[in-house]
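Visitor: I have a chain to look at and some questions about its parts. Please show it first.

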Amino acid sequence: MSNSKITYKDAGVDVHRGYEAVAQMKEHVKSTFIPGVLTDIGSFGGAFSLGAFAGMKEPVLVSGTDGVGTKLKLAFDMDKHDTIGIDAVAMCVNDIICGGAEPLFFLDYIATGRIAPEHIASIVKGIADGCKESLCALVGGETAEMPGFYPDGEYDVAGFAVGIVDRQEMIDGSTIKVGDVIIGLPSTGVHSNGYSLVRKLVETAGVDLKAYSEELGETYGEALLKPTKLYVKAVKAAKAAARIKGIAHITGGGFIENVPRMLPKGVDAKININVIEKPPIYKFLEETSNLDVNELYNTFNMGIGMMLVVDVADSEKVLAALHGADEKALVIGEIVAGNKGVILCQD
């Protein structure tokens with residue numbers, strides 16, 4: 001047996017890189033603190049006071065967790081790490097607002113083979129930006145250095161969000177009825193779903209991610225790395241204008257899988273896909289994949305990242321509120337008799 005010393009660093013874990021990463025991210029984290037945050041950076045747990053919500057009749061906590069998926073591979077290829085954190089936040093908070101909750105706080109988990117402090121700081125900056133845009137605090141997280149598990153230069157990012165809503169204000173789709181209006185909130189691009197297929201299409205087409213495209217007005221990599229849109233402020237404005245009956249976050253599974261999640265029995269969602277203005281990147285995805293309409297709308301968001309269902313009498317008020325929140329919302333369909341399905345029409 002050797003008498004030579006073998007350190008943690010020899011095993012591939014350099015705690016000093018971890019300390020440096022924490023030092024670089026501190027200001028980003030602190031910039032998200034809102035009233036209610038009780039602990040500082042470095043605590044073993046993030047504490048948040050619910051004292052401000054004492055007036056609620058029956059406060060309900062709503063939680064969500066998600067990751068960014070294989071979109072990360074494009075970030076590695078582009079060596080661009082400052083927006084992936086926004087995706088992690090958006091995938092969580094956009095889910096919890098579907099139930100009527102407003103986000104309170106977020107925690108992140110970053111795992112990598114070798115900590116590169118500048119990359120970690122860049123990721124956390126994106127997370128902090130997403131939290132501030134979502135009006136919630138980044139109260140904690142974990143950065144794990146796992147040599148031999150992830151290749152150098154690669155990492156995974158996931159998150160967890162908690163929001164709050166008074167039970168009487170929860171949105172569950174139960175009051176949706178025939179004749180209600182479906183309002184669509186545009187997406188910024190592909191968001192964070194379908195990227196295993198996207199990467200296959202890029203490979204098949206022989207596309208250089210760093211090549212500029214006249215049709216896109218940017219490089220393919222820039223178009224595909226556009227962060228998932230955050231809908232917290234828009235939905236908050238819509239709720240202030242009128243009662244929102246149902247909300248669907250259009251993520252993996254597209255329209256076909258996600259819209260029925262907000263529908264009660266006895267109705268379908270009839271959506272006019274011709275009124276939706278798709279981001280330019282979808283032309284490339286459609287032409288390269290040769291998928292039919294149903295497959296496309298069962299894979300991607302196809303230009304709509306979130307849908308709201310409202311009473312027809314409230315539609316103008318809600319649209320006005322959304323437009324006032326700089327959201328280019330539009331009516332994309334209606335609720336008809338059916339059985340929790342989605343009808344795609346072009347009229």
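Visitor: Where does UniProt place the feature "domain: PurM-like C-terminal"?
Guide: This is a predicted model, where local features need pLDDT of at least 70, side-chain atom pairs count only at pLDDT 80 or more, and totals for chains, interfaces and linings use all residues. Residues are numbered from 1 along each chain as its sequence is written, and side-chain values use heavy atoms, with hydrogens and water left out. UniProt positions follow this numbering, and annotations may be inferred rather than shown by experiment. The UniProt entry is unreviewed, and it puts this feature at residues 177-343.

Visitor: Which bounds does the domain assignment give?
Guide: Such bounds come from an automatic or database domain assignment. For this protein chain it gives domain 1 (14-169) and domain 2 (180-345).

Visitor: How many residues does each domain bring to the contact?
Guide: The centres, taken over C-alpha atoms, are 24 Å apart. Contact means heavy atoms within 4.5 Å. By that rule domain 1 brings 31 residues, and domain 2 brings 30 residues.

Visitor: What area is buried between domain 1 and domain 2?
Guide: Buried area is the accessible area (1.4 Å probe) that two parts lose on being put together, summed over both. Carbon and sulfur atoms give 67% of it here. On the domain 1 side, Lys71, Leu74 and Met78 lose the most, together 24% of what that side buries. The area between the domains is about 2,700 Å².

Visitor: How many salt bridges does the rule find across the interface of domain 1 and domain 2?
Guide: Side chains of opposite charge can pair when their charged atoms come close. The rule wants a side-chain nitrogen of Lys or Arg within 4 Å of a carboxyl oxygen of Asp or Glu. The structure holds 20 such bridges. Across this interface the count is 4.

Visitor: Which strand holds Glu102, the partner of Lys236?
Guide: The side chains of Lys236 and Glu102 form a salt bridge at 3.8 Å, N to O. Lys236 sits in helix α7 (residues 232-241), so the pair ties together parts that are 134 residues apart in sequence. Helices (H or I, at least four residues) and strands (E, at least two) are DSSP runs, numbered from the N terminus. The strand of Glu102 is β2.

Visitor: Which element gives the most to the side of domain 1 that touches domain 2?
Guide: The elements giving two or more residues to this side are α2 (71-78), α3 (84-96), β2 (102-112) and α4 (117-133). The top contributor, with 9 residues, is α3.
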